[in-house]
Structures are given as structure tokens and as C-alpha cells.
Amino acid sequence: MRDVLLVAWFELFRAVRTWRAVALLVLYGVASAGAAYLFAEFVGLLEQAIADQLGVARTETPGAMMQDLLDSEQLLDVLSAMTGSSGVAEQLLDIPLPALFFLWLGFLLVPFFAASASAECIATDTRTRAIRFELLRTSRLELVLGRFVGQLLLTAVASATSAVVIWAVTLWAMTGVPPAPLAGWLAYYAVRTWFFAVPFVGVGVATSQLTTSSAWARVMAIGLTGGSWVAYGVARWMEEKERVPMLADLALQLLPQGWIRDMWSPGMGWLGSAVACSALGLAAVSLGYLRFHRRDL
Amino acid sequence: MTPALTLKGVSKRYGRGAKALDAMSFTIPSGSIAGFVGPNGAGKTTTFSVVCGFLTPDEGDVDVLGQGPFVPGTFKGKLGVLPQDAELPDRHTPVELLTHLGQLQGLGRGEARREADRLVELVRLGDRRNARIATLSHGMRRRVAVASALCGSPPLVLLDEPLAGLDPAQAYSLRDNLAALRGEQTLVVSSHNLGEIERLCDWVVMVRDGRCVREGPVAEVTGATAVSRWELGGPVPLEALRQALPEAEVEVEGPTLVVRSRGRGVGEPDQVAKAVMACLVEAGVPLRGLSRGVGLERRFLDDE
């Protein structure tokens, strides 16, 4: 366990000093900022529509009609689309809207960031054989787990960065959003997005064990991540249409996206999903390790 | 005493290509500085990689320090390696990297940091200790890699071309540092520079086409204990020498006296030298030069 933590800490430092990882982190931060700004604009448009319906004057700054917005059917429709459930959406109306947006955005973006960044964590060092310096001193399993934990730490940094960016952009672009509660909810939801990212970090670490080309590992990781969304869509369609329900149910258990609905839960129901996502991440890493522990390095 | 390293019939083939190792067998005694020499493609780097567990042999046995094949968990801090073709993790400074490797070998953080400080001074990188490895020259990186192999003073150290890429002053200094470890640690040094091996090592393993073709003490392999050449400044007292050395072959090649011992005992060369010197002094013949053996390079070329 000590070796796993040592490798993880070293891996985090290596990653944040690698321009690709930093570029991805910056890109993710910029994407979060842009998305937060667009979300504020979207809230403004909804409020203008509500103002028109109520026959009152339009407001200049998004958030000025927040209470009217929270009471509106339009918002409930938006939240139902975001969470995939009108029942869950109704339970979320007490939570600051930007925090809900952050969680939705995290579910959408963090998997790609996590898979892409973690895909080079072993492949590059295998190609340059730099991995030998550590492999002489620790087992292959501890090295892989250490790199996995290191990438999870990097993903935590990314989630935290995104939360801070969205908090700052929201306070700048919107009015009527109390800063402290928003910060609390963002921090809480950052933990959920991080757990949701675990399987995708696992996918990246798995592909990184299969090849010595970091580019190829990244292509595989992003392909599998995108493919998981497609598979999720198909499984949901099969579930709704009651086509091969056993297969649809199995797919929803094995795909991280199948646990999203519980991740939206306002109570502690999301913890079960967190455990499931962690297990899926470890399973993905293990699949890569089946090849890695036997290969010549 | 248990040998530091033993290979018995180790074979390794890459894919469907030719065998990189073909029943490689040799033994390295504990406490020695052993040269591991052979032409390009002879299997030196592959042998090191097999010993370290980076490559899995197709067949054969590897015994490290009398404890069986190398396993990182159980051999923590007992084996150091300078891989020839591995790049260093270059996002870190030498001290950060060496501290990390020291910790992985089981040292506490403070102890690992002190060891890293000692090593950067040993390889003369004290002034670049906090520079990113990516910014260091090839020779400096090589020295960091050597330092990593010596980290924690492991009892067995494998060095694949340790002096490659170093300037003469750096090479001299590092050779001195390695020589100072004689008797304390077992070093296995792979190199193309046979003169360097002859100066540094007391044991040699010669490999060719994935096999060991000769092994033993350097003096024995080069014949230093068996042949001596004396360059003289006057007539050779041949009869007196033959009487003084009845167990040796004594010949004259121009101005050079060649003495070949028939035995290979360690004490014999000194007895030969004493007898020859006594004869020369008695005959009043000046001595202008003396060499022993044929040299590792000559021996290596003769074997081809």
C-alpha cells in the first residue's frame, strides 16, 4: 500500500508537469467557464420568456427572477431532461441551479477528460522504458494501482478546477445566487463527478497497459468512452421498449452511465452508485493488467 | 560464498526472430567487479533485462544473491540497475527522482532525501540537483541514471555501459567511484571498452551470440598470471633463466624476453618475477619495460 501511494503521488506530479495533461486541464477549465457563461445566458432567456408570460418587465441580469423561474414548468422540463427523470427533477428544485448544471456538465465532460489524460500514464513510460526505474523497486500490480490512484488525484484536481471556474463565472454572470451555499453544493457535487469518472480513468489506465503508443491508447480510451454513451443510449431504448430486458438491465449495470440516475439523488442514494463506479473502474484496470503483468517491458 | 548472480541455460527469443539468449550460463562471485563484454547483439542488455525481471526467459534459471529469480517485492533494495536504453522520467529533478526511488526501496523520506543528496554529489551533479532532468545534457542524465543504480547501496548492481557518453574526466571520476566499491558491493559492468573493463574489473564474462564463451578472473582470462614480457637493454641471460625457472618456458623475441608459466597458480607470477629480476641483476642487464598477459582486447579478438 505504501508503494501504491508513493507511485500515485509521483504520478500526480509527473502528470501536472506534462504539457498534455496541463493542456487538457486548461481546456477543461475553459470549457467549464464557457459552458457556465452559456448556462447563465440560457437562464436569462428562460427568465425573459417567463417575464413575457407574466407581463412584467424583462430583467437585464440572469438570476433576477430566480424564484419565478423555480416555480415555472419550463425549468422542470429542463431539469427532467438533464436528470432523465421528472421525479428526480422535482426533488432538486431547492438546490442552486448552477450546481445542478455543474453536475450535469461533469457527467458529460469528465469521462472524456479522465479517459484521455489517463491513457498515457503507462504507455509512454513503457515506450521510453522509463518504467523500469520504478519496476525494479515495486511490483507491476502496485505500479499500475499507483498510476491509477495518481490519475484519480489528477481527475480530482480537474473536478475541483471546474467547480471553482463555474462558481466564479456564475457569480460574475448571474445575480441572486448566494456564494456560500453555491460553493458548498459545487464541492459536494465535485465528489460525485469524481466518482463517476473512476470507471473512465480505469478505461484509460487499461488501454495504457495494452500498448506502447500513448496516441493509440488515447484513441482506444476515447473510443471506448464514446462507445459507452452509445451503448447506454441503446440500453435505455431497449429498456423503454422492453426489448431483451435482461440484456438491457445487464448493460445498464455494467455501464457507468447506468448509475447516473442515482447519482442525481438528493439524499445518500448516490453512494451506492459511487461504490458501483469504483468497482467498474477497478474492473477496467484489472482487464488491462491481465495483459500487462505478462508482457515483456 | 554464495555467488551474487548465476544464470543456467537461460534462453530468450523475441517473437519469431533469432534467439537473443541461447542457453546463457555464467556465475558472478560476490564482492567482485565483473566485466560483461561482447559484440553488439551478443545478448548483454537482454541478459540484464532478464535478470531484473523486465523480460521473461523462455527457459533456464536465474539466481540472484542465492535467493532465486528477482522479484521486486522480496528483493527491495538488493538490486540496482543502470538500463542502457531506458530514458529517465524527465519531469522531475535529480533529487526528486532519487528520493522517490529510495523511498520505493524501503527508505524513509528523510533517509531517502539524504541518500539522494549523497548520490548527486557522488556523480558530481550537486550544482544541478534541482534542475529538471529534461534540461540536463546526455552525460548528466547518464550520471543521474548511474546514481539511481547505486541508490541505497544494493549488494548487486548491474551497469549497462555506465561510461558511455561521459567525457574523459567524468569517466575517470566514475571509474574511481566504482572501483572504491570493490568488496562492498558486487558490480556487473557491461561495456564495449575492453581497456576500461580490464582496468576496473577483477572478473570477466565474455558473451557472443547469446552464449557465454569465456568467464573467470580477468588475470586468468588475459593470461596475466601465465605470460610476462620483459623488454631488456642488453643480452638475455637465457641459460641462467632456464636454470632458475625449470617449470617455465623461457624464450627470446628480439630484445624481449618472454616467460610462460605452465601452471596458473596465483602466487606463481610473483615467484617468476623474483627469479627473473635476480638473474637480470646478477647479469647486469637493464630492464626497460614489463607487460603481463595478452590484454583483454587481444583475448577477445583471438576468440572470434
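## A friendly tour of chains A and B

Q: How many residues of chain A are in contact with chain B, and with how many residues of chain B?
A: This is a predicted model, in which local features need pLDDT of at least 70 and side-chain atom pairs count only at pLDDT 80 or more, while totals for chains, interfaces and linings use all residues. Residues are numbered from 1 along each chain as its sequence is written, with chains lettered from A and ligands numbered from 1 in the order in which they are written. Two residues are in contact if their C-beta atoms, placed from the backbone, lie within 7 Å. Counted this way, the contact joins 22 residues of chain B to residues of chain A numbering 19.

Q: Which helices of chain A each supply at least two residues of the side that touches chain B?
A: Helices here are DSSP runs (H or I, at least four residues) and strands are DSSP runs too (E, at least two), numbered from the N terminus. On the side of chain A that touches chain B, the helices that each supply at least two residues are H1 (2-16) and H8 (131-135).

Q: What is the make-up by class of the side of chain A that touches chain B?
A: Ala, Val, Leu, Ile, Met, Phe, Trp, Tyr, Cys and Pro count as nonpolar, Asp, Glu, Lys and Arg as charged, and the others, Gly among them, as polar. Sorted like this, the side of chain A that touches chain B has 8 charged, 4 polar and 7 nonpolar residues.

Q: How many helices and how many strands does chain A have?
A: Read along its sequence, chain A follows the pattern α-α-α-α-α-α-α-α-α-α-α-α-α-α. The secondary structure therefore comes to 0 strands and 14 helices.

Q: What radius of gyration does chain A have?
A: The C-alpha atoms of chain A fill a box of roughly 75 × 45 × 30 Å along the principal axes. The radius of gyration is taken over C-alpha atoms, and the globule rule is 2.2 Å times the number of residues to the power 0.38. For 297 residues, a compact globule would have a value near 19 Å, and this agrees with the radius of gyration of chain A, 21 Å.

Q: How are helices H10 and H14 of chain A oriented to each other?
A: Axes are lines fitted to C-alpha atoms, for helices over the stretch in contact, and angles run from 0 to 180 degrees between N-to-C directions. The axes of H10 (residues 179-210) and H14 (residues 270-292) of chain A come within 7 Å and cross at roughly 5°. Angles under 35 degrees count as roughly parallel, over 145 as roughly antiparallel, 65 to 115 as roughly perpendicular and the rest as oblique. H10(A) and H14(A) are therefore roughly parallel.

Q: Is A:Asp94 buried or exposed?
A: A:Asp94 is found in the loop between H5 (86-91) and H6 (97-118) of chain A. A residue is buried if 20 or more other C-beta atoms lie within 10 Å of its own, exposed if 12 or fewer, and partly exposed in between, with C-beta atoms placed from the backbone. A:Asp94 has 7 other C-beta atoms within 10 Å, so it is exposed.

Q: What phi does A:Glu242 have?
A: A:Glu242 sits in the loop between H11 (214-241) and H12 (245-254) of chain A. With 8 C-beta neighbours inside 10 Å, A:Glu242 counts as exposed. Although A:Glu242 is not a glycine, its phi is positive, at about 55°.

Q: How many residues of strand E8 of chain B are buried?
A: Two strands pair if DSSP finds at least two bridges between them. E8(B) pairs with strand E3 (residues 33-37) of chain B in the parallel sense over 4 bridges, and with strand E9 (residues 211-217) of chain B in the antiparallel sense over 6 bridges. Strand E8 (residues 203-208) of chain B is largely enclosed by the rest of the structure, because the buried residues are 5 of the 6.

Q: Which are the edge strands of the open sheet of 4 strands in chain B?
A: This sheet has the order E11-E12-E10-E13 (chain B), with antiparallel pairing. Each edge strand pairs on one side only, and the edge strands are E11 and E13 (287-292) of chain B.
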